[in-house]
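Please work through each task before reading its solution.

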Amino acid sequence: MEATDIRRTVELEDRHWWYRERRAMLARELRRLGPPGRALDIGAAGGGNTRVLVEHGWDALAADYSETAVELAVRRGLRAIHADACDLPLPGESFGLVLAFDVLEHIEDDHTAARELVRVLRPGGRALITVPCDMALWSAHDVASCHFRRYAREELAALLRGAGLVVDRMWSWNVLMRPIVAWRRKRIGGSDVTDVPRLVNLGLGAVVAAERYLPVKSLPGVTLVVRAHRPASF
(Lines give C-alpha, C1' and ligand atoms only; values in the text may rest on other atoms or scores of the structure.)
Protein backbone atom coordinates (compact mmCIF):
# COMPACT_ATOMS: atom_id res chain seq x y z
CA MET A 1 0.00 0.00 0.00
CA GLU A 2 1.10 3.56 -0.70
CA ALA A 3 1.75 5.92 2.22
CA THR A 4 -1.37 7.93 1.38
CA ASP A 5 -3.51 4.76 1.37
CA ILE A 6 -2.11 3.70 4.74
CA ARG A 7 -2.84 7.11 6.26
CA ARG A 8 -6.36 6.96 4.83
CA THR A 9 -6.84 3.49 6.31
CA VAL A 10 -5.76 4.66 9.76
CA GLU A 11 -8.04 7.67 9.50
CA LEU A 12 -11.08 5.61 8.47
CA GLU A 13 -10.75 2.23 10.15
CA ASP A 14 -12.12 3.02 13.61
CA ARG A 15 -15.48 4.14 12.19
CA HIS A 16 -15.79 2.63 8.70
CA TRP A 17 -18.26 -0.27 8.45
CA TRP A 18 -15.93 -2.54 6.46
CA TYR A 19 -13.00 -2.31 8.85
CA ARG A 20 -15.19 -2.51 11.94
CA GLU A 21 -16.95 -5.69 10.85
CA ARG A 22 -13.65 -7.25 9.75
CA ARG A 23 -12.22 -6.59 13.22
CA ALA A 24 -15.33 -8.17 14.73
CA MET A 25 -14.78 -11.23 12.54
CA LEU A 26 -11.15 -11.42 13.69
CA ALA A 27 -12.22 -11.19 17.33
CA ARG A 28 -14.64 -14.10 16.86
CA GLU A 29 -11.92 -16.22 15.30
CA LEU A 30 -9.46 -15.41 18.08
CA ARG A 31 -11.95 -16.60 20.69
CA ARG A 32 -12.02 -19.97 18.90
CA LEU A 33 -8.24 -20.45 18.98
CA GLY A 34 -7.75 -21.09 22.67
CA PRO A 35 -5.09 -19.52 24.90
CA PRO A 36 -3.15 -16.66 23.30
CA GLY A 37 0.59 -16.69 22.59
CA ARG A 38 2.91 -14.92 20.16
CA ALA A 39 1.29 -13.50 17.03
CA LEU A 40 2.60 -11.85 13.88
CA ASP A 41 0.42 -9.49 11.84
CA ILE A 42 1.90 -9.40 8.32
CA GLY A 43 0.98 -6.37 6.23
CA ALA A 44 -0.39 -4.71 9.33
CA ALA A 45 -0.65 -1.20 7.87
CA GLY A 46 -1.27 1.08 10.87
CA GLY A 47 -2.00 -1.85 13.18
CA GLY A 48 -5.80 -1.84 13.39
CA ASN A 49 -5.93 -5.64 13.49
CA THR A 50 -2.80 -5.83 15.65
CA ARG A 51 -4.71 -3.92 18.31
CA VAL A 52 -7.40 -6.63 18.26
CA LEU A 53 -4.72 -9.25 18.85
CA VAL A 54 -3.37 -7.29 21.82
CA GLU A 55 -6.86 -6.76 23.25
CA HIS A 56 -7.33 -10.54 23.21
CA GLY A 57 -4.11 -11.18 25.11
CA TRP A 58 -1.73 -11.97 22.27
CA ASP A 59 1.90 -10.87 22.35
CA ALA A 60 1.58 -9.27 18.93
CA LEU A 61 4.11 -7.91 16.47
CA ALA A 62 3.06 -5.82 13.46
CA ALA A 63 5.11 -6.12 10.26
CA ASP A 64 4.78 -4.02 7.14
CA TYR A 65 6.84 -3.13 4.08
CA SER A 66 5.90 0.54 4.45
CA GLU A 67 7.93 2.62 6.86
CA THR A 68 4.92 4.92 7.15
CA ALA A 69 2.82 2.00 8.38
CA VAL A 70 5.45 1.03 10.95
CA GLU A 71 5.66 4.60 12.21
CA LEU A 72 1.89 4.86 12.57
CA ALA A 73 1.67 1.51 14.38
CA VAL A 74 4.40 2.53 16.82
CA ARG A 75 2.57 5.79 17.49
CA ARG A 76 -0.41 3.67 18.50
CA GLY A 77 1.73 1.93 21.11
CA LEU A 78 2.26 -1.27 19.12
CA ARG A 79 5.43 -3.23 18.50
CA ALA A 80 6.17 -2.99 14.79
CA ILE A 81 8.97 -3.76 12.34
CA HIS A 82 9.73 -2.92 8.74
CA ALA A 83 9.65 -6.22 6.83
CA ASP A 84 9.24 -7.72 3.38
CA ALA A 85 6.58 -10.45 3.49
CA CYS A 86 8.74 -12.52 1.12
CA ASP A 87 11.81 -12.30 3.37
CA LEU A 88 10.77 -11.80 6.98
CA PRO A 89 13.65 -10.83 9.31
CA LEU A 90 12.40 -13.25 11.95
CA PRO A 91 13.46 -16.70 13.15
CA GLY A 92 11.54 -19.75 11.99
CA GLU A 93 8.85 -21.43 14.07
CA SER A 94 8.53 -18.43 16.39
CA PHE A 95 4.80 -17.60 16.31
CA GLY A 96 1.68 -19.46 17.36
CA LEU A 97 -0.50 -17.33 15.10
CA VAL A 98 0.18 -15.49 11.86
CA LEU A 99 -2.32 -13.00 10.50
CA ALA A 100 -2.30 -11.91 6.84
CA PHE A 101 -5.40 -9.87 6.13
CA ASP A 102 -5.58 -8.60 2.54
CA VAL A 103 -1.86 -9.09 1.94
CA LEU A 104 -1.24 -11.84 -0.61
CA GLU A 105 -3.04 -10.05 -3.43
CA HIS A 106 -0.53 -7.18 -3.14
CA ILE A 107 2.48 -9.45 -3.68
CA GLU A 108 3.50 -10.58 -7.16
CA ASP A 109 5.31 -13.65 -5.83
CA ASP A 110 2.56 -14.85 -3.51
CA HIS A 111 4.05 -18.37 -3.38
CA THR A 112 7.19 -17.08 -1.66
CA ALA A 113 5.12 -14.95 0.70
CA ALA A 114 2.98 -17.95 1.65
CA ARG A 115 6.08 -20.07 2.32
CA GLU A 116 7.52 -17.31 4.54
CA LEU A 117 4.28 -17.19 6.49
CA VAL A 118 4.58 -20.91 7.16
CA ARG A 119 8.29 -20.70 7.96
CA VAL A 120 7.75 -18.36 10.93
CA LEU A 121 4.76 -20.36 12.18
CA ARG A 122 5.51 -22.97 14.79
CA PRO A 123 4.31 -26.55 14.18
CA GLY A 124 0.67 -26.68 15.20
CA GLY A 125 0.39 -22.90 14.88
CA ARG A 126 -2.56 -21.23 13.21
CA ALA A 127 -2.93 -18.81 10.32
CA LEU A 128 -5.82 -16.46 9.59
CA ILE A 129 -5.83 -15.12 6.04
CA THR A 130 -8.14 -12.96 3.95
CA VAL A 131 -7.95 -12.10 0.26
CA PRO A 132 -10.26 -10.46 -2.29
CA CYS A 133 -12.04 -13.12 -4.32
CA ASP A 134 -13.13 -13.67 -7.91
CA MET A 135 -11.52 -12.01 -10.93
CA ALA A 136 -15.05 -11.33 -12.18
CA LEU A 137 -15.04 -8.48 -9.63
CA TRP A 138 -11.76 -7.03 -10.95
CA SER A 139 -12.09 -3.27 -11.35
CA ALA A 140 -10.35 0.09 -11.06
CA HIS A 141 -10.55 -0.42 -7.30
CA ASP A 142 -8.07 -3.32 -7.59
CA VAL A 143 -5.75 -1.28 -9.79
CA ALA A 144 -5.86 1.66 -7.37
CA SER A 145 -5.22 -0.73 -4.46
CA CYS A 146 -2.14 -2.22 -6.22
CA HIS A 147 -3.60 -5.73 -6.43
CA PHE A 148 -2.01 -8.36 -8.65
CA ARG A 149 -5.02 -10.67 -8.54
CA ARG A 150 -8.27 -11.72 -6.92
CA TYR A 151 -8.47 -15.37 -5.86
CA ALA A 152 -10.75 -18.27 -6.64
CA ARG A 153 -11.33 -20.73 -3.79
CA GLU A 154 -9.41 -23.54 -5.50
CA GLU A 155 -6.52 -21.23 -6.36
CA LEU A 156 -6.14 -19.99 -2.79
CA ALA A 157 -6.43 -23.49 -1.33
CA ALA A 158 -3.73 -24.77 -3.70
CA LEU A 159 -1.43 -21.85 -2.84
CA LEU A 160 -1.71 -22.48 0.89
CA ARG A 161 -1.41 -26.25 0.64
CA GLY A 162 1.67 -25.84 -1.55
CA ALA A 163 3.24 -23.65 1.13
CA GLY A 164 2.65 -26.33 3.77
CA LEU A 165 -0.58 -25.28 5.45
CA VAL A 166 -3.60 -27.43 6.18
CA VAL A 167 -6.77 -25.48 5.40
CA ASP A 168 -9.21 -26.04 8.24
CA ARG A 169 -11.96 -23.83 6.89
CA MET A 170 -12.51 -21.43 4.01
CA TRP A 171 -15.58 -19.22 3.70
CA SER A 172 -16.91 -16.16 1.92
CA TRP A 173 -17.38 -12.80 3.61
CA ASN A 174 -19.25 -9.72 2.44
CA VAL A 175 -21.67 -11.95 0.52
CA LEU A 176 -24.82 -9.85 0.86
CA MET A 177 -23.00 -6.76 -0.36
CA ARG A 178 -21.52 -8.42 -3.45
CA PRO A 179 -24.15 -7.16 -5.96
CA ILE A 180 -23.78 -3.60 -4.68
CA VAL A 181 -19.98 -3.82 -4.70
CA ALA A 182 -19.96 -5.17 -8.26
CA TRP A 183 -22.33 -2.43 -9.44
CA ARG A 184 -20.47 0.37 -7.69
CA ARG A 185 -16.98 -0.65 -8.78
CA LYS A 186 -17.97 -0.63 -12.44
CA ARG A 187 -18.87 3.03 -12.02
CA ILE A 188 -15.95 4.48 -10.07
CA GLY A 189 -12.42 5.21 -11.20
CA GLY A 190 -10.45 4.23 -8.10
CA SER A 191 -10.66 2.75 -4.61
CA ASP A 192 -14.15 2.56 -3.12
CA VAL A 193 -12.91 2.57 0.48
CA THR A 194 -14.03 6.08 1.33
CA ASP A 195 -15.80 7.82 4.16
CA VAL A 196 -19.59 7.54 4.02
CA PRO A 197 -22.40 9.35 5.85
CA ARG A 198 -23.09 8.08 9.35
CA LEU A 199 -26.50 6.52 8.63
CA VAL A 200 -25.21 4.82 5.48
CA ASN A 201 -22.23 3.56 7.45
CA LEU A 202 -24.53 2.08 10.11
CA GLY A 203 -26.77 0.48 7.49
CA LEU A 204 -23.92 -1.14 5.56
CA GLY A 205 -22.40 -2.40 8.79
CA ALA A 206 -25.72 -3.97 9.78
CA VAL A 207 -26.01 -5.75 6.41
CA VAL A 208 -22.56 -7.32 6.72
CA ALA A 209 -23.09 -8.15 10.39
CA ALA A 210 -26.22 -10.11 9.42
CA GLU A 211 -23.95 -12.65 7.71
CA ARG A 212 -22.94 -13.88 11.16
CA TYR A 213 -26.36 -15.52 11.44
CA LEU A 214 -27.25 -16.43 7.86
CA PRO A 215 -26.18 -19.57 5.91
CA VAL A 216 -24.39 -17.62 3.19
CA LYS A 217 -20.71 -18.38 3.78
CA SER A 218 -20.51 -20.90 0.93
CA LEU A 219 -21.93 -18.44 -1.60
CA PRO A 220 -19.80 -16.06 -3.71
CA GLY A 221 -18.73 -12.98 -1.78
CA VAL A 222 -16.23 -10.16 -2.05
CA THR A 223 -13.63 -11.68 0.31
CA LEU A 224 -12.35 -15.17 1.12
CA VAL A 225 -11.40 -15.99 4.70
CA VAL A 226 -9.20 -18.93 5.68
CA ARG A 227 -8.39 -20.55 9.00
CA ALA A 228 -5.43 -22.93 8.59
CA HIS A 229 -2.64 -24.54 10.58
CA ARG A 230 0.89 -25.77 10.11
CA PRO A 231 0.97 -29.52 10.77
CA ALA A 232 3.05 -30.80 13.65
CA SER A 233 5.30 -32.69 11.24
CA PHE A 234 6.34 -30.49 8.36
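**Exercise 1.** Over the ring of which residue does the charged end of Arg169 sit?

*Solution.* The model is predicted, so local features require pLDDT of at least 70 and side-chain atom pairs count only at pLDDT 80 or more, while totals for chains, interfaces and linings use all residues. Residues are numbered from 1 along each chain as its sequence is written, and side-chain values use heavy atoms, with hydrogens and water left out.

Step 1: apply the criterion, by which NZ of Lys or CZ of Arg must be within 6 Å of the ring centre and within 35 degrees of the ring normal.
Step 2: the charged end of Arg169 is over the ring of Trp171, 4.2 Å from its centre.
Step 3: Arg38 likewise lies over the face of Phe95, at 4.5 Å from the ring centre.

**Exercise 2.** Determine how many disulfides there are.

*Solution.* 
Step 1: a disulfide is a pair of cysteine sulfur atoms within 2.5 Å.
Step 2: the count is 0 disulfides. The cysteine sulfur nearest to Cys86 is that of Cys146, 15 Å away, which is too far for a bond.
Step 3: classify accessibility by relative accessible area (buried under 20%, exposed over 50%, partly exposed in between; 1.4 Å probe, protein chains only). Cys86 is partly exposed at 21%, and Cys146 is partly exposed at 35%.

**Exercise 3.** Describe the geometry of the ring pair Trp18 and Tyr19.

*Solution.* 
Step 1: rings of Phe, Tyr and Trp (its six-membered ring) pair if their centres lie within 6.5 Å; planes under 30 degrees apart are stacked, over 60 edge-to-face and the rest tilted.
Step 2: the centres of Trp18 and Tyr19 are 5.0 Å apart and the planes stand at 90 degrees, so this pair is edge-to-face.
Step 3: Trp18 is buried at 16% relative accessibility, as is Tyr19 at 10%.
Step 4: the whole structure has 2 aromatic pairs, and ring pairs link Trp18, Tyr19 and Trp173 into a cluster.
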